[in-house]
Amino acid sequence: MRACSTSTHLAAMCLGLMTFTASPRAEAQTTPTVVQVPPTPAPVLPAGTKVTCTQGPATGAAAATCPVLRYDGYSYWALSYVDNRVGMAIAAYDASGKLVAQWEKAGARYVYGITVDPANKRVTFAGQSDAKIAVAWDDLVPPPVVVQVPPSPAPAVPAGMKVTCTQGPGTGAAAATCPVIQWKGYTFWAFSYMDNRVGMAIVAYDAAGKVVATLEKPGARYVYAVTVNPADKTVTFAGQADAKISVKWSELLPTPPSPQFVRQPLPVGATLKQISVGSANAVWGLDTAGFNWKWTGSGWQKMGGTVSNISTASDGTLWATNPPDSLRVLKWDATGSKWTWNLPTGMKQVTAVNANAAWGLDNAGALFRWTGSAWEKKGCCVSQLSVGADGELWATNPADSQRVLRWDGAKWTWNIPTGMTFVSVGSAKNIWALDGSDQVYQWAGTSWQKVPGALRNISAAGDGSVWGLDAQGLVYKWQ
């Protein structure tokens, strides 16, 4: 297939059986899903097509609903043809209901079902007599579209770049419009450089006009045309002397930022020594004076004191211990904004599942489980423990070769790689640890995976939330 021209209309013509138009999309999803929707009102149908959804492979009776595929921010309808040919028109619509792409697929008509095969990344459309059409996920991606826009006003141009769009390969005369790509909710401009190097900066903007990615490509400058080739999924930028730069579609998309620990605000007038997270909406800190602070979503609110160690449960319940005060165990009364201490004492540390389930350690390192009315001894001996929202219980024992242990329901097991001095369990799928040098690790199922950063304290929650403190008491959130 030859490369398509910069005109949207001509691009549709050169594609033959596939047509497309530029349009924004809905929020993307990584795996296609099938939903059932009423056949009326249908979206705007391409000429020569109709909605025909049947109850099954052996009947022409109309179904009450139609199977519709949703993938990567688009909705896909399997339409039939007015002339009843044995084929389907797979039509892609954006969130506003605008048709953005259409593929003609032969081999079946009158859809009754759609199935998704994640293993092979294929979608199958089933129709009359159980004839089927299988399509690869990648073949359902609407291609980039080239539109012509005035060079001024341009979006915010990054430093060192400029807008230079010419009338053709043999002239430096400025063009009245610039070729711009629109794809998957982004707009891509091909900028030149202020130092006139032979290269282009392909800059991606989101719907708000914010720069989200920049791709520097040498080989051509002063763009005059952009072409899209759906056959090999490339975009070509043509410039001065007809020099060209080809880019894979996949190269255009912004790369999602890797998760990292990001600084958060500090409590005013205090330094935190511990942080405890039950969920994204239940984050507490304990300062060096023993006062507890609640995260409000944008800052810290001082609540009360004083205790030595806190544990936030998945339901938001806040537990604490205070060994200097007769190894007291406490719960936070949110209504009265105070600590209550009507629990049996004896624990130096407590870790809570919820308001009614918790585990504790005494001064000797013995393990106790809260029964609802008393502390029941279960095992011995560890130095620090943490329980997740799902009841997953782990512990560390630095004195014993920095051993890491897991409770199997009856006893401690230690077939986990050693080397950690502190562990925090949000759930069986969200376990983090620190070594003696403040290095951070995440449990990968069979081994510890090192994560960039240095923390003195860390806390994980069942919903995936992770917060930490460094040696200076600075607060960080994994995001």
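This is a predicted model: local features need pLDDT of at least 70, side-chain atom pairs count only at pLDDT 80 or more; totals for chains, interfaces and linings use all residues.
# A walk through strands, cores and disulfides

At 19% relative accessibility, arginine 328 counts as buried, because the cut-off for burial is under 20%. Arginine 328 lies in strand β31, which covers residues 328-333. Its side chain makes a polar contact of 2.9 Å with the side chain of aspartate 325. Beyond residues up to four places away in sequence, arginine 328 touches Ala320, Thr321, Asn322, Trp341, Thr345 and Met347.

From here, let's turn to the nonpolar interior. In soluble globular proteins, nonpolar side chains tend to be buried together. The largest nonpolar core of this model has 31 residues, and the members that touch the most others are Ile181, Met200, Val235, Phe237 and Leu252. At least two residues each come from β13 (145-149), β17 (178-183), β18 (186-193), β19 (199-205), β21 (225-229), β22 (234-238), β23 (244-248) and α2 (249-252). Of these, β19 gives the most, with six residues. Apart from this core lies another, of 30 residues, including Val37, Leu69, Ala78 and Leu140.

Leaving aside neighbours within four places in sequence, isoleucine 181 is in contact with Pro144, Val145, Val146, Tyr186, Thr187, Phe188, Val226, Val235, Phe237 and Leu252.

Next come the disulfides, of which there are three. One joins cysteine 53 to cysteine 66, with an S to S distance of 1.9 Å, and with 110° about the S-S bond this link is right-handed. Cysteine 53 sits in the loop between β3 (49-50) and β4 (54-56) while cysteine 66 belongs to strand β6 (residues 66-71), so the bond ties together parts that are 13 residues apart in sequence. Cysteine 53 is buried at 9% relative accessibility, and cysteine 66 is buried at 0%.

Another disulfide joins cysteine 165 to cysteine 178, at 1.9 Å from S to S. Cysteine 165 lies in the loop between β14 (161-162) and β15 (166-168) and cysteine 178 in strand β17, so this pair ties together parts that are 13 residues apart in sequence. Here too the link is right-handed, with 110° about the S-S bond, and both cysteine 165 and cysteine 178 are buried.

Cysteine 380 and cysteine 381 form a disulfide with their sulfur atoms 1.3 Å apart. The torsion about its S-S bond is about 50°, so this disulfide is right-handed. Cysteine 380 is partly exposed at 42% relative accessible area, and cysteine 381 is partly exposed at 38%.

Finally, consider how some of the strands pair. An open sheet of four strands runs in the order β37-β38-β39-β40 with antiparallel pairing; its edge strands, β37 (384-387) and β40 (412-413), each pair on one side only. Within it, β38 (residues 393-397) and β39 (residues 403-407) share four bridges, and alanine 395 has leucine 405 as its bridge partner in β39.

Another open sheet of four strands has the order β41-β42-β43-β44, also with antiparallel pairing. β41 (422-427) and β44 (448-454) stand at the edges with a single partner strand each, so one side of each is left without a neighbour in the sheet. From one strand to the next, the twist averages 25°. Five bridges join β41 to β42 (residues 430-434), where valine 423 has alanine 433 as its bridge partner.

Key: Residues are numbered from 1 along each chain as its sequence is written. Side-chain values use heavy atoms; hydrogens and water are left out. Buried means under 20% relative accessible area, exposed over 50%, partly exposed in between (1.4 Å probe, protein chains only). A polar contact is a pair of N or O atoms within 3.5 Å; within protein, one must be able to donate a hydrogen and the other to accept it, and residues adjacent in sequence count only if both atoms are side-chain atoms. Contact means heavy atoms within 4.5 Å. Two strands pair if DSSP finds at least two bridges between them. Axes are lines fitted to C-alpha atoms, for helices over the stretch in contact, and angles run from 0 to 180 degrees between N-to-C directions. A nonpolar core is a set of buried Ala, Val, Leu, Ile, Met, Phe, Trp, Tyr and Cys residues joined through side-chain atoms within 4.5 Å. A disulfide is a pair of cysteine sulfur atoms within 2.5 Å.
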